[in-house]
Every structure is written in C-alpha cells, then in structure tokens.
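Colleague: I have just opened this model and would like to understand it piece by piece. Could you take my questions in turn?

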Amino acid sequence: MSIAGPVLVTGSAGFIGFHTTRRLLARGETVIGIDNLNAYYDPALKQARLEVLQALPGYHHSTLDLADRAGMRDLFCEHVPRRIVHLGAQAGVRYSLENPESYVDSNVVGFLTILEGARSVQAENLVFASTSSAFGANGSLPFSVRQGVAHPLTVYAATKIANEAMAHSYAHLFGFPSTALRFFTVYGPWGRPDMALFKFTRAILEGQPIDVYGHGEMERDFTYIDDIVTGVIGALDKPAVADPHWDANAPNPSTSGVAPWRVLNLGAGRRETLMRYIEVLEEALGRKAVLNLMPIQDGDVSRTEADVTETTAALGYAPSTPIEVGVRRFVEWYRDFYGV
C-alpha cells in the first residue's frame with residue numbers, strides 16, 4: 001500500500017494504542033500519538049510504553065486530553081492527519097458505575113472533538129474503538145453485528161453506542177468513511193492492570209487469593225492483542241463504503257446505505273470459561289491459584305462470543321492465537337518487565 005501523510009493514533013500510550021502504533025511504525029508510517037497519561041491505572045506503565053514509542057523513528061507525541069477542544073483543533077491544524085485511529089477513551093466497565101462523568105467527558109465530548117477534527121481535514125478514514133459491552137442484555141450467542149444494541153447495561157457501553165451513532169451522522173453529512181470496532185476481551189503483553197489476567201498474575205505470584213466472579217462459570221471471548229491489531233490496521237487500510245444492498249425497510253444495523261459507515265466485531269470467534277483461562281495461567285506460572293469465588297458483578301454479562309463473519313468478509317480477518325499461547329506470552333512479558 002502507498003503511505004501518505006501521518007496517522008493520528010489517540011490513546012497511543014494505552015494498551016491497544018501502544019501495540020497499534022508500534023505496528024504502524026514498523027511498516028514505515030509516521031504516527032502522531034496523543035494520550036493524556038491519566039491515573040485510571042498506573043501511569044508508570046503508560047510512561048514505559050511511551051518511552052518505547054519515543055525511541056522509534058516516525059513517532060511524534062502530544063500529551064493532550066481529548067476533551068480539550070482548543071488543543072485538539074490546534075493538533076489537527078498543525079499535523080493534518082487524514083487517517084485516524086481513535087483508541088483513546090475512559091475504559092473499564094465497572095469504573096463507570098463509580099465515575100460516570102469521566103466517561104461522558106472522554107468518550108462523548110472527546111469523540112466529538114475527533115469527529116470535528118476529521119471533518120476539518122476531510123479525513124480519508126476514521127477507525128475507532130467500540131466494545132462488545134454494547135451487546136448488553138442480548139443473550140443470543142455468538143454476538144453478531146446484525147443484532148440490535150438497544151439495551152446496554154453500563155454507562156461505558158452506552159457511551160460507545162453513542163459513538164457509533166455520532167460517527168454515522170458525520171459519515172452521512174460529511175462523507176468521510178468510519179468504522180466502529182467492537183473489541184471483545186483483549187489480553188496480552190503490556191496489558192492493563194485493571195484486567196483479570198494482570199490482576200490474577202500479580203496475586204498468584206504474591207501468594208494472594210484471586211477474586212473469581214460469577215463463581216468461575218462466566219465465559220469470555222479472550223482475544224490476543226496481535227489479532228486485534230491486525231484487525232485495526234486492516235480496517236484502516238480498507239475504508240468503509242456505503243452498502244449498495246442496504247434495505248431501508250429491513251436495515252442491517254452494522255452497515256448503511258446512506259453513509260460510508262460500518263460496525264465490525266474484533267474477537268477470537270470462540271469462548272472459553274474463566275476457569276479454563278485460570279488453569280492456563282497456572283500452567284504458565286507454574287503455581288496454583290487460591291480461588292475466592294464471588295457472585296457476578298453489576299454490569300457484567302455471563303457470556304460473550306464474537307461472530308466475526310462480517311469482519312472476515314470485509315478485512316480477511318482470521319484470529320489465530322489460542323489462549324495457551326497468548327497467556328504464556330503475557331506471563332513472559334510480566335516476569336521480564338517486573339523482574340519477577
């Protein structure tokens with residue numbers, strides 16, 4: 001592919017943003033990265049990721065909050081990034097029960113600044129993070145992008161559904177392609193400390209019990225970070241187009257006949273029990289976990305699994321990393337990074 005102009009990656013010091021930025025830099029792209037380096041989880045980990053990126057040619061960083069409208073306008077004016085990968089957001093399902101305001105500021109107001117920036121530079125493509133949490137109370141597995149998402153269970157999920165709708169309106173009004181990617185449970189090296197794999201690893205190595213919600217009976221579509229990044233960059237390289245077969249009387253909720261817009265799932269396309277995930281981690285660590293079995297938490301769903309049919313058709317997406325491989329790679333990174 002031809003490479004022209006910089007790519008803007010928001011949340012570049014975050015988990016998925018970091019890996020996506022490294023992949024883009026490795027193929028010769030210039031990346032404008034922004035991250036506010038907030039303290040939702042250990043800023044030292046974000047800083048360590050950032051230091052890796054800043055040592056690579058082609059990376060330019062700005063410490064900036066998405067909701068800073070003037071700052072975002074200046075950034076788009078200075079760099080004119082016409083390809084945008086928007087991964088910056090206030091993440092976390094459970095934290096949205098405690099601090100919903102931060103989700104509106106970052107995920108709604110912040111997303112509007114991205115849309116306005118894309119409009120100002122006549123963007124060639126906008127790819128942005130949505131979430132499998134959008135499926136909410138939907139109990140039909142696997143989750144398909146052809147299913148409705150009218151019943152979110154958390155403010156976090158509601159903000160992401162709002163992003164999908166906002167992006168459609170801008171794609172319709174101003175013509176720039178837009179792809180929402182619903183991430184399932186992403187894990188791997190450099191992962192987030194608030195995610196289960198990170199917390200479990202730390203506790204097991206410290207000889208502490210781990211809290212296992214849903215009594216270990218929950219099932220998740222655990223998706224390795226490299227597979228996720230392949231999907232993100234695939235969507236960047238293949239912009240959405242208006243669906244010529246779209247029927248306004250029986251609409252497909254994942255495409256549009258009036259805008260270059262789409263929604264795609266990024267998951268492994270299979271689900272594993274939480275207990276199997278823990279068993280694989282125990283094998284990788286060479287230690288047994290002490291389990292503290294707990295009821296399911298507010299806002300959680302009991303099962304997730306991605307239907308990636310549309311993603312495969314659109315991008316050639318083929319996730320290939322089993323948890324036995326991915327968890328071992330995480331453990332190797334964790335031991336090396338923390339000197340354990």
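**Questions about the model**

Colleague: What relative accessible area does E116 have?
Modeller: E116 is in the middle class, partly exposed. That class lies between buried (under 20% relative accessible area) and exposed (over 50%), using a 1.4 Å probe and protein chains only. The value for E116 is 33%.

Colleague: Thanks! What kind of model is this?
Modeller: Residues are numbered from 1 along each chain as its sequence is written, and side-chain values use heavy atoms, with hydrogens and water left out. Local features need pLDDT of at least 70, side-chain atom pairs count only at pLDDT 80 or more, and totals for chains, interfaces and linings use all residues; the model is predicted.

Colleague: Back to E116: which residue forms a salt bridge with it?
Modeller: A salt bridge here is a side-chain nitrogen of Lys or Arg within 4 Å of a carboxyl oxygen of Asp or Glu. The closest N and O atoms of this pair are 3.3 Å apart, and both residues lie in helix α4 (residues 100-120), three residues apart. An α-helix has 3.6 residues a turn, so residues three or four places apart point the same way. The partner, partly exposed at 40% relative accessibility, is R119.

Colleague: What is the distance between the closest N and O atoms of E332 and R328?
Modeller: These two residues both lie in helix α10, four residues apart, about one turn of the helix. E332 is partly exposed at 48%, and R328 is partly exposed at 41%. The pair forms a salt bridge, its closest N and O atoms lying apart by 3.8 Å.

Colleague: Is K288 buried or exposed?
Modeller: K288 forms a salt bridge with E282, at 3.3 Å between the closest N and O atoms. E282 has a relative accessible area of 10% and is therefore buried. K288, at 67%, is exposed.

Colleague: How many salt bridges are there in the whole structure?
Modeller: Some of them join into a network, which links R27, E29, R83 and D237. A search of the whole structure gives a total of 15.

Colleague: How far apart are the end C-alpha atoms of helix α2?
Modeller: Helices (H or I, at least four residues) and strands (E, at least two) are DSSP runs, numbered from the N terminus. The expected span is 1.5 Å times one less than the number of residues, so the 12 residues of α2 (residues 43-54) should span 16 Å. The model agrees, with the end C-alpha atoms apart by 16 Å.

Colleague: Which residues does S132 touch, leaving out those up to four places away in sequence?
Modeller: S132 sits in the loop between β5 (125-131) and α5 (155-174). At 11% relative accessible area, S132 is buried. With contact meaning heavy atoms within 4.5 Å, the residues touched are R182, F183 and F184.

Colleague: Finally, what is the radius of gyration of the chain?
Modeller: The chain has 10 helices and 13 strands, and buried residues make up 53% of its 340 residues. The radius is taken over C-alpha atoms, and the globule rule is 2.2 Å times the number of residues to the power 0.38. For 340 residues, a compact globule would therefore come near 20 Å. The chain agrees with that, at 19 Å.
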